[in-house]
Amino acid sequence: AQLKIDISPAPENPHYCLTPELLQVKPYPDTRVRPTKDILEFPSRDVYVPYTTYRNLLYVYPQSLNFANRQGSARNITVKVQFMSGEDQNNAMQGIFGKSSCAEFTKESYTAVIYHNRSPDFHEEIKVKLPAYLTDHHHLLFTFYHVSCQQKQNTPLETPVGYTWIPMLQNGRLKTGQLCLPVSLEKPPQSYSVLSPEVPLPGMKWVDNHKGVFNVEVIAVSSIHTQDPYLDKFFALVHALEEHAFPVRIGDLRILENDLENELKNSISSLSSAQLEPVVRFLHQLLDKLVLLVVRPPVIAGQIVNMGQPSFEAMTSIVNRLHKNLETNQDQHGRNNLLASYIYYVFRLPSTESNPSSPGPGSCMLGGSMHYATMARTAARLASLNLSRSRSLSNSNPDIAGTPTSPDDEVRTIIGSKGLDRSNSWVNAGGPTVPWRSPPRSSTEVMQLLHEELALQWVVSSGSVRESALHQAWFFFELMVKSMVHHLYFSDKLDTLRKARFPERFMDDIAALVSMIAGDIVSRFQKDIELIERLNISLAFFLNDLFSVMDRGFVFALTKTYWKQVSSKLYALQTPSMLVSLRLDFLRIICSHEHYVTLNLPCSLLTPPSSPSPSVSSATSQ
């Protein structure tokens, strides 16, 4: 035989590409051109990248078979692999990827025939496209054939010599890994698919007394199935709450509605025990579900259950864990790129509508890029800082060329289109889920505002939870700011008076939060220098952002609170240089707001302007 291999340099952007699911990658102008297939990689190390596209593939690797103790002629052996949705042969699904010279999908795949070997080894890879929704009847069916070298009269060329199968779901979870299966000599009986072949079915004959004789490995690459017991349980419980489907079965556990509250809280607290790779893979869905529990408290047994505290604790644990374990995946400001991307591109309030034809107050459509002061820092380094702490000339978008022409245009620019065209969740914990934006099902359900809950839970937190939140303060600050902006936009409050935009209890929580963090900066700046520097910067950029969405007099009062606490400590220090440096850094960031100078100009008592920033024509923004 001859094998011809052509090796040529790979272009920077290969044309006519097909994904591992055989989907065309645009641009794909001509379907007659020979395609370039993308092969899915199985890295030797964990890859910490969240799923952003749908993928649901199964790889089956038959490895070895031991028919040494099987009676009869079974030497030239091949294995037929089928993906079944039921027991009948008509239930074989056309979901197996074909070979290069065959159709794209087929109903069955065969291994190579091993000649005169009763204990053959196999080296095939069988790739299966899993359906999005699996039932207890979906299974892999393996049929073993003896292939005759010389076909005799009235005898088939292929003779079945054994059967075995793998149920796709075991206790509600996808069954994968290294398996050693027994092989039956007879066709499996009716309803066999819901049972494992390890179960001794009555009246069936097995090879080698029901011992495991067939080794196979099954690997799943799925954005549907987490393959982690802690994540599986959490998603299953949240799904049961969304569907109001009780009792809930998770493995051998049957959870009644009266027990659901404790089970859900235990599941949330157990998320810290999940493996890091699946946590990162399903990071967007995980954070979305935790946010949903915060803003839409579930109704269990007719009672509204507040899940704000356990959800906030789980979020702090996840965020801190990612920061500690993925130190190489951080930007120059010490922010984890995966978390920053979640806020920037993925997060949106569960209660907001995604209809682009409803642009909100006025007639201004969402557009452009979305920037916060915390997201728009330059790479400049100040000599007085030990960290890469930079300043932005504009808190909303330093790259805007023109002058905003509509009321509060700086706020409209913040919430741009990037984060609004993304779907929030594509995880399916065992069936179709309720959309994030679905209305409450009953009059007993209530909606919370995320920024209000985050501020409240942060203020009342203590111990390790409070410490974790302080270490990753930037994440919660940016999450609060985006939540505030989305709330104003989708509730048509951008044109209302700034003093009437947020309730007093929320403003009190913000004031308490700023005072608490300022106290931490003052009391810990000599012991935890690196932490305090990051915390000081995060707080400054947070107040910088608040100038664009809250009552500016209130934000100045917050700045004064910080100033007074730091200044009172300065007078008691003999060498206050470090604290002075922190205060200067804080003021530089505050003063970098694009309207800071205008906001400080004195106004005439007789004819006050309708806006402290008339240059942006925000006539209705008081």
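Before the details, a word on conventions: the model is predicted, local features need pLDDT of at least 70, side-chain atom pairs count only at pLDDT 80 or more, and totals for chains, interfaces and linings use all residues. Residues are numbered from 1 along each chain as its sequence is written, and side-chain values use heavy atoms, with hydrogens and water left out.

Let me start with the whole chain. The chain holds 15 helices and 18 strands, where helices (H or I, at least four residues) and strands (E, at least two) are DSSP runs numbered from the N terminus. Of its 622 residues, 50% are buried, and here buried means under 20% relative accessible area, exposed means over 50%, and partly exposed lies in between, with a 1.4 Å probe and protein chains only. Taking contact as heavy atoms within 4.5 Å, residues 24 or more positions apart account for 74% of the contacts with a separation of 6 or more.

Turning to the interior, a nonpolar core is a set of buried Ala, Val, Leu, Ile, Met, Phe, Trp, Tyr and Cys residues joined through side-chain atoms within 4.5 Å. The largest such core has 113 residues, and those with the most contacts inside it are Trp 458, Phe 475, Ile 510, Ile 517, Leu 546 and Met 550. Helix 10, residues 473–490, gives this core its largest share, twelve residues. If we leave aside neighbours within four places in sequence, Ile 510 is in contact with Ala 455, Met 480, Phe 542, Leu 546, Phe 554 and Leu 558. Apart from this core lies another, of 32 residues, among them Leu 65, Phe 83, Ile 96 and Phe 144.

Next, helix 1. Its 15 residues should span 21 Å at 1.5 Å a residue, and its end C-alpha atoms are 21 Å apart, which agrees; the expected span is 1.5 Å times one less than the number of residues. The buried residues of helix 1, including Leu 231, Phe 234 and His 239, pack against strand 15, strand 16, helix 2, helix 3, helix 4 and strand 17. After the helix comes His 244, whose phi is positive, near 55°.

Which peptide bond joins Phe 246 and Pro 247? A cis one, with omega about -5°, and Pro 247 sits in the loop between helix 1 and strand 15. The bond from Lys 26 to Pro 27 is cis as well, with omega near 0°, and Pro 27 is in the loop between strand 1 and strand 2. That loop also holds Leu 22, whose phi is positive, near 65°, and which counts as buried because its relative accessibility is 17%. Tyr 16, in the segment before strand 1, has a positive phi near 55° and counts as partly exposed, because its relative accessibility is 21%.

Finally, the cysteines. With a disulfide taken as a pair of cysteine sulfur atoms within 2.5 Å, the count comes to zero. Cys 102 counts as partly exposed at 48% relative accessibility, and Cys 180 is partly exposed at 39%.
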